[in-house]
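Welcome! Please take a moment to turn the model around on your screen, and then let us walk through it together.

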Amino acid sequence: MRLLLVEDDLSLRGAMREALTRLGYQVAGVGTASDALNQLGADPPPEIILLDVGLPDVDGFEICEQIRRRSRIPIIMVSARIAVESRVKGLNAGADDYLAKPFKLAELVARIQSVARRSDWTGGREEPAPEDRSVKHVGPLVVDPNARTVTVHGAPKSLTRKEFDVLNLLAGRPGEVFRREEIIGQVWRSGGEGGERTLEVHIASLRTKLGVRNLIETARGIGYRVTTG
């Protein structure tokens, strides 16, 4: 998941970026509101913005309103201003959540995951990009999302609907770690039948059916990825 961290305190920004990167997030860090606005045009754009209130050029509440007028990217305001009035002001400015400093990393990650689950933001795309429907070749693995077929070394593999959906998602970005909640959110959209244990069962079944050692790797504590070689 791509995060934009807007924090003018250089040491805090560095510490947060390092900690979140270790957890598998892709973090871009900036120290001003103007740089934050420039990042909205990045390709690909951030998926969640962590926004400090006390910025040197523009007040965080104002920049939150500016971002919200231009984009639906989820925003979590992170601030030392803990008064109820500040929290209400941030939410009214368009923030999806408000986290008071100081905070524990575990709480920040929980807020990120919660906002991601609630959001319908698709990274700027209203529909899946065309390549999402293309045939995917990853080593001996070939996944055809149009025909919904999978072959390994040319041999067809019989998968359930959800097994195919999980594999198609992972194979779409080979080598990249998908967080568990991201896979669950995209494959089990209703959220009713999906969960970490359900995902683990599907991954185990995929590994058995595909029969290729280490094709699907576990990133401990984070999620899964399809390896490229």
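What percentage of the 229 residues in the chain do buried residues make up? The answer is 45%, where buried means under 20% relative accessible area, exposed means over 50%, and partly exposed lies in between (1.4 Å probe, protein chains only). Before going on, please note that this is a predicted model, in which local features need pLDDT of at least 70 and side-chain atom pairs count only at pLDDT 80 or more, while totals for chains, interfaces and linings use all residues. Residues are numbered from 1 along each chain as its sequence is written, and side-chain values use heavy atoms, with hydrogens and water left out.

Now for the overall picture. The chain has eight helices and twelve strands; helices (H or I, at least four residues) and strands (E, at least two) are DSSP runs, numbered from the N terminus. Its C-alpha trace spans about 60 × 35 × 30 Å along the principal axes. Of the contacts between residues at least 6 apart in sequence, 58% join residues at least 24 apart, with contact meaning heavy atoms within 4.5 Å.

Let us begin with helix α5, residues 105-118. Leu108, Val109, Arg111, Ile112, Gln113 and Val115 are the buried residues of α5.

How do helices meet one another? Two packed helices are described by the angle between their axes and the distance between the axes. The axes of helix α1 (residues 10-22) and α5 come within 12 Å and cross at roughly 65°. Axes are lines fitted to C-alpha atoms, for helices over the stretch in contact, and angles run from 0 to 180 degrees between N-to-C directions. The angle makes α1 roughly perpendicular to α5, since angles under 35 degrees count as roughly parallel, over 145 as roughly antiparallel, 65 to 115 as roughly perpendicular and the rest as oblique. Met16, Ala19 and Leu20 of α1 meet Leu105, Leu108, Val109 and Ile112 of α5.

A second pair is helix α6 (residues 161-172) and helix α7 (residues 180-187), which pack at about 125° with their axes 10 Å apart. That makes α6 oblique to α7. On the α6 side the contact is made by Lys162, Asp165, Val166, Leu169 and Leu170, and on the α7 side by Ile183, Gln186 and Val187.

Is α7 largely enclosed or open? Six of its eight residues are buried, so α7 is largely enclosed by the rest of the structure. Those buried residues are Arg180, Glu181, Glu182, Ile183, Ile184 and Val187. They pack against α5, α6, β10 (178-179), α8 (196-210) and β12 (223-226).

Finally, look at some loops. Most residues other than glycine have a negative phi, and most peptide bonds are trans. Arg148, in the loop between β7 (141-144) and β8 (149-152), has a positive phi of about 55° although it is not a glycine. Asn214 lies in the loop between α8 and β11 (216-219), and its phi is near 65°, also a positive value.

Conventions:
Expected span 1.5 Å × (residues − 1).
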